[in-house]
Amino acid sequence: MKGQYFRAGAGAVIVDHKGRVLALERSAAPGAWQLPQGGMMKDEEPLATVLREVEEETGIHEDDLRIMDQYPEPLTYELPVELRSAKTGRGQAHYWFLFRHRAGAPIALPSPGEFQRWQWMTFEELIERVVPFRKPVYTRLNAWMKERRRRSHPIPLWGGL
């Protein structure tokens with residue numbers, strides 16, 4: 001029987017100076033876009049996980065990111081039965097972090113790699129392009145970011161907080 005656990009991990013909402021999010025298109029599933037994310041290694045903290053995954057998946061070094069916030073609790077999604085495995089389990093439970101990308105800093109997807117293309121887009125555009133099982137998590141993250149802006153916590157320009 002395939003794993004019945006939820007794999008722990010971390011994800012990144014990386015925004016540019018216009019408030020757009022960095023979206024990645026999966027190599028194995030053209031048209032399927034998502035945020036950078038990945039599984040935690042044994043004894044790894046969530047922030048270390050997300051920084052490692054972002055660099056592995058996008059080539060963005062942590063010096064080109066500024067952490068802005070963390071979602072208050074892990075968010076989970078259940079994988080379709082055909083996508084479950086001993087590695088992924090029944091689904092994913094991710095800690096989510098909001099980062100600001102330094103304008104002009106390079107983004108270089110490994111080739112070959114998990115992703116074939118990247119693009120800055122609005123969160124709403126990303127939600128339209130994400131696979132159905134991730135939509136509830138992304139919708140919550142989008143609402144969180146909107147509430148954050150409403151409470152006068154705008155995403156500042158790279159030069160200051």
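These are my notes on the structure above, point by point.

1. Ground rules. This is a predicted model, so to speak of a local feature I need pLDDT of at least 70, side-chain atom pairs count only at pLDDT 80 or more, and totals for chains, interfaces and linings use all residues. Residues are numbered from 1 along each chain as its sequence is written, and side-chain values use heavy atoms, with hydrogens and water left out.

2. Confidence. The mean pLDDT (the predictor's confidence in each residue, from 0 to 100) is 91 for the chain, and 92% of its residues reach 70 or more. The stretch to watch is residues 157-161, where pLDDT stays under 50. The model has 15 contacts (heavy atoms within 4.5 Å) beyond four places in sequence for that stretch.

3. Overall fold. There are three helices and eight strands in the chain; these are DSSP runs, H or I of at least four residues for helices and E of at least two for strands, numbered from the N terminus. Along the sequence they come in the pattern β-β-β-β-α-β-β-β-β-α-α. Of the chain's contacts between residues at least 6 apart in sequence, 72% join residues at least 24 apart.

4. Size and surface. The C-alpha trace spans about 50 × 35 × 35 Å along its principal axes. A compact globule of 161 residues would have a radius of gyration near 15 Å, and the chain agrees at 15 Å; that radius is taken over C-alpha atoms, and the globule rule is 2.2 Å times the number of residues to the power 0.38. Of the 161 residues, 46% count as buried, where buried is under 20% relative accessible area, exposed over 50%, and partly exposed in between (1.4 Å probe, protein chains only). The chain exposes about 8,500 Å², with carbon and sulfur atoms supplying 54% of that.

5. Helix 1. This helix (46-58) has 13 residues and reaches 18 Å from first C-alpha to last, close to the 18 Å expected at 1.5 Å a residue. Its buried residues, including Val50, Leu51 and Val54, pack against strand 1 (6-15), strand 2 (21-26), strand 4, strand 5 (65-70), strand 7 and strand 8. Glycine 59 follows helix 1 and has a positive phi, near 75°.

6. Helix 3. Val137, Tyr138, Leu141, Asn142, Trp144, Met145 and Arg148 are the buried residues of helix 3. Seen down the axis of helix 3, they fall within an arc of 160°, so they line one face of the helix; the arc is that of the directions from the helix axis to the C-beta atoms. Pro136 and Arg150 are exposed on the face turned away from that buried side.

7. Most residues other than glycine have a negative phi, and most peptide bonds are trans. Aspartate 43 is not a glycine, yet has a positive phi of about 65°. It sits in the loop between strand 4 (37-39) and helix 1 and counts as exposed at 72% relative accessibility. The peptide bond from serine 111 to proline 112 is cis, with omega near -5°, and proline 112 lies in the loop between strand 7 (91-101) and strand 8 (115-121).

8. Leucine 79. This residue is in the loop between strand 6 (75-78) and strand 7, and at 8% relative accessibility it counts as buried. Beyond four places in sequence, leucine 79 touches Arg84, Thr88, Gly89, Arg90, Gly91, Gln92 and Phe133.

Methods
Accessible areas come from the Shrake-Rupley method with a 1.4 Å probe; for residues, only the protein chains shown count as cover. The expected span of a helix is 1.5 Å times one less than its number of residues.
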